[in-house]
Amino acid sequence: MFGTVTSPPGDLGAIPCAISWLYKGINEKRQKSGARFSVRVSALGVNATKPGSSSRDLLAGHATGN
């Protein structure tokens, strides 16, 4: 989901690619309209291969806010 530290820039994981795409879109809209944006991101990992398995917050180790 995240890629690896040693990956070339074009081989980022799904989460960094999605966030990059989001911020590029926001920047384009902001330049055109002058609007301000607020972004909140969450990522939930679900393991459905085992009975009784649970989900986990994939961004918990990267959190900077409340």
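User: What share of the contacts with a separation of 6 or more comes from residues 24 or more positions apart?
Analyst: In this predicted model, such residues account for 17% of those contacts.

User: How many helices and strands are there in the chain?
Analyst: One helix and two strands. Along the sequence the pattern reads α-β-β.

User: What does helix H1 cover, and what does it reach from first C-alpha to last?
Analyst: H1 runs over residues 14–33, which is 20 residues. From the first C-alpha to the last it reaches 28 Å. That is close to the 28 Å expected at 1.5 Å a residue.

User: Which residue comes just after H1, and what is its phi?
Analyst: Gly34, with a positive phi of about 75°.

User: Where does Lys29 lie?
Analyst: Lys29 sits in helix H1.

User: Is Lys29 buried or exposed?
Analyst: Exposed, because its relative accessibility is 54% and the cut-off for exposed is over 50%.

User: Now the loop between H1 and S1. Where is Arg36 found?
Analyst: Arg36 is in that loop.

User: Why does Arg36 count as exposed?
Analyst: Because its relative accessible area is 82%.

User: What separates the C-alpha atoms of Arg36 and Ile26?
Analyst: They are 8.8 Å apart, and the two residues are 10 residues apart along the chain.

User: Switching to the whole chain. What percentage of its residues is buried?
Analyst: Buried residues make up 11% of the 66 residues.

User: Confidence next. What is the mean pLDDT of the chain?
Analyst: The mean is 81. Of the residues, 86% reach 70 or more.

User: Which elements have the lowest and the highest mean pLDDT?
Analyst: Strand S1, residues 44–46, has the lowest, at 83. H1 has the highest, at 89.

Methods. Residues numbered from 1 in each chain as written. Predicted model: local features only at pLDDT ≥ 70, side-chain atom pairs only at ≥ 80, totals over all residues. Heavy atoms only, no water. Helix = DSSP H or I, 4+ residues; strand = E, 2+ residues; numbered from the N terminus. Buried < 20%, exposed > 50% of the residue type's maximum accessible area, 1.4 Å probe, protein only. Contact = heavy atoms within 4.5 Å. Expected span 1.5 Å × (residues − 1). pLDDT = per-residue confidence, 0-100.
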